[in-house]
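Subject: Structure handover

Hello,

Please find the structure below, followed by notes on what was found in it.

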Amino acid sequence: MITDYGQTSMRLPPDARFSTICIHAGQVPDPSTGAIITPIFQTSTYVQDELGRHKGFEYARTQNPTRAALEGNIAAIEGGTAGFAFASGMAAIGAVATMLKSGDHVVVTDNTYGGTFRLFDKVLTKYQLEFSYVDTSAPDAIEAAMRPSTKMLFVETPTNPVMRLTDLARAATIAHTRGARLVVDNTFASPALQRPIEFGADLVVHSTTKYLNGHSDSVGGIVVAVRDEDVEWLRFIQNSEGAILGPFDAWLVLRGTKTLMVRMAQHNVNGMALAEFLSTHPKVTRVHYPGLPAHPHHALAKRQMRGFGGMLSFDVGTFEAARRVCNRVRLMALAESLGGVETLVSHPASMTHASVPAERRQAIGLTDSLVRVSAGIEDPADLIADLSQALS
Ligand SMILES: *Cc1c(COP(=O)(O)O)cnc(C)c1O
């Protein structure tokens, strides 16, 4: 039986370091040809040898070798037991939500991704699930929100776009002492900078659309689980609901993770360069970037993250000024999404966070004068020059 897909080559040393894991984990040379790259298995079914005897693959919703390779790869990258790839980040978060039963309560980071808030608030409340949105950067606020019915603590760190951090080790302790699971949406940091399972997280979710794929050419999601019972349930729900990642997208993300470490190193450099440039610019009133010593969670960022990433936002005082910056950038592109090799700017209040009520936006510091940047991996001098002319 050829069931090596998703397994890791014997050539990968058991104590391999992070970037080596990124390149090799979950992959073996193709057993039938020796191809070093896992092929795109664009098939719906698999021919069986005889009744009751097959090669471990029956139907492509249930098993696909390219997807299995990606799942094995990202599970190893995050340090989990198994991974399950979905058609989008939202489908991955939806799959995690199926672990809940009616009557269960979830504590969620207040400044969570807009799509996550919409899924929880507009869809899942129809199924007698309850959600409390709290500032999870304050452990006391998490404690206060926990109830006997709390089954999940769902955390995003750093948050979008004001870059608030949650102490993952403390969050794990609070969740576990109450019998709840800690779920971390690790999309913003990427596992190159932060591996939540090391701090006690039970489940890690990603929009692979962002840093893991890294090239702005695929939409996908993944859940990495630690506990055997969660692995079993996620395998069951991935097949039952069927929101799987297709083989071509799985192949693209697998190609993306090979360069995760070198890309993130440059995202870190460019994020810091832009944050430093902006923090001394006379027209900028505030910069949100965890790498700046003035950031309220800078010490936690140094402890919890290996690098401060490529995401930052800055305030230019008025909506009109923010509009001007967004419209005047030339090299940078005005677009939603993040984590690609090209730099993007966006206006959260009117774009990604337009569905968040104005008073909630105000409460988390998401002003109408805020501009968000996803720093790509271009030469930082060209990015600074572009922002400089856009601000002038
Ligand atoms: C983009 C994103 C999602 C949703 O992922 P999709 O692939 O767009 O469905 C979830 N969480 C975070 C933090 C994101 O940035």
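The side chains of His206 and Glu78 are joined by a polar contact of 2.6 Å. A polar contact here is a pair of N or O atoms within 3.5 Å; within protein, one atom must be able to donate a hydrogen and the other to accept it, and residues adjacent in sequence count only if both atoms are side-chain atoms.

Before the rest, two notes on the source. This is a predicted model, in which local features need pLDDT of at least 70 and side-chain atom pairs count only at pLDDT 80 or more, while totals for chains, interfaces and linings use all residues. Residues are numbered from 1 along each chain as its sequence is written, and side-chain values use heavy atoms, with hydrogens and water left out.

His206 sits in strand S6, which runs over residues 203-207. Helices (H or I, at least four residues) and strands (E, at least two) are DSSP runs, numbered from the N terminus. His206 counts as buried because its relative accessibility is 3%; buried means under 20% relative accessible area, exposed over 50%, and partly exposed in between (1.4 Å probe, protein chains only). Leaving out residues up to four places away in sequence, His206 touches Glu78, Gly89, Ala92, Asn186, Thr187, Ser190, Pro191, Leu212, Gly220, Gly221 and Ile222. Contact means heavy atoms within 4.5 Å.

The ligand

Which residues are around the ligand? They are Ser88, Gly89, Met90, Tyr113, Glu156, Asp185, Thr187, Ser207, Thr209, Lys210, Gly220 and Leu338. A residue is included if one of its heavy atoms lies within 4 Å of the molecule. By class, this shell has three nonpolar, six polar and three charged residues. Ala, Val, Leu, Ile, Met, Phe, Trp, Tyr, Cys and Pro count as nonpolar, Asp, Glu, Lys and Arg as charged, and the others, Gly among them, as polar.

Some distances to the ligand follow. A polar backbone atom of Gly89 is 2.9 Å from an oxygen atom of the ligand. For Asp185, a polar side-chain atom lies 2.7 Å from a ligand nitrogen atom. For Thr209, a polar side-chain atom lies 2.8 Å from a ligand oxygen atom. On its own the ligand has 380 Å² of accessible area, and the protein covers 92% of that. Accessible areas come from the Shrake-Rupley method with a 1.4 Å probe; for residues, only the protein chains shown count as cover.

Backbone features

Most residues other than glycine have a negative phi, and most peptide bonds are trans. The peptide bond from Thr157 to Pro158 is cis, with omega near -5 degrees. Pro158 is in the loop between strand S4 (150-156) and helix H6 (168-177). Asn160 and Pro161 are also joined by a cis peptide bond, with omega about 0 degrees, and Pro161 is found in the loop between S4 and H6.

Ser190 is not a glycine, yet has a positive phi of about 75 degrees. Ser190 lies in the loop between strand S5 (181-185) and S6, and counts as buried because its relative accessibility is 1%. Ser190 is also one of the residues that His206 touches. Ser216, not a glycine either, has a positive phi of about 55 degrees. The loop that holds Ser216 is between S6 and strand S7 (221-225). At 48% relative accessibility, Ser216 counts as partly exposed.

Two further buried residues

Ser346 is in strand S11, residues 344-346, and is buried at 0% relative accessibility. Apart from neighbours within four places in sequence, Ser346 is in contact with Cys326, Leu334, Ala335, Met351, Leu370, Val371 and Arg372. From His206 to Ser346 there are 140 residues in sequence and 21 Å in space, C-alpha to C-alpha.

Ala25 lies in the loop between helix H1 (18-24) and helix H2 (65-78), and is buried at 0% relative accessibility. Ala25 and Gln7 are 18 residues apart in sequence and 7.5 Å apart in space, C-alpha to C-alpha.

The chain as a whole

The chain has 13 helices and 12 strands. Of its 392 residues, 55% are buried. The C-alpha trace spans about 75 × 50 × 35 Å along its principal axes. Among contacts with a separation of 6 or more, 72% are between residues 24 or more positions apart.

Regards
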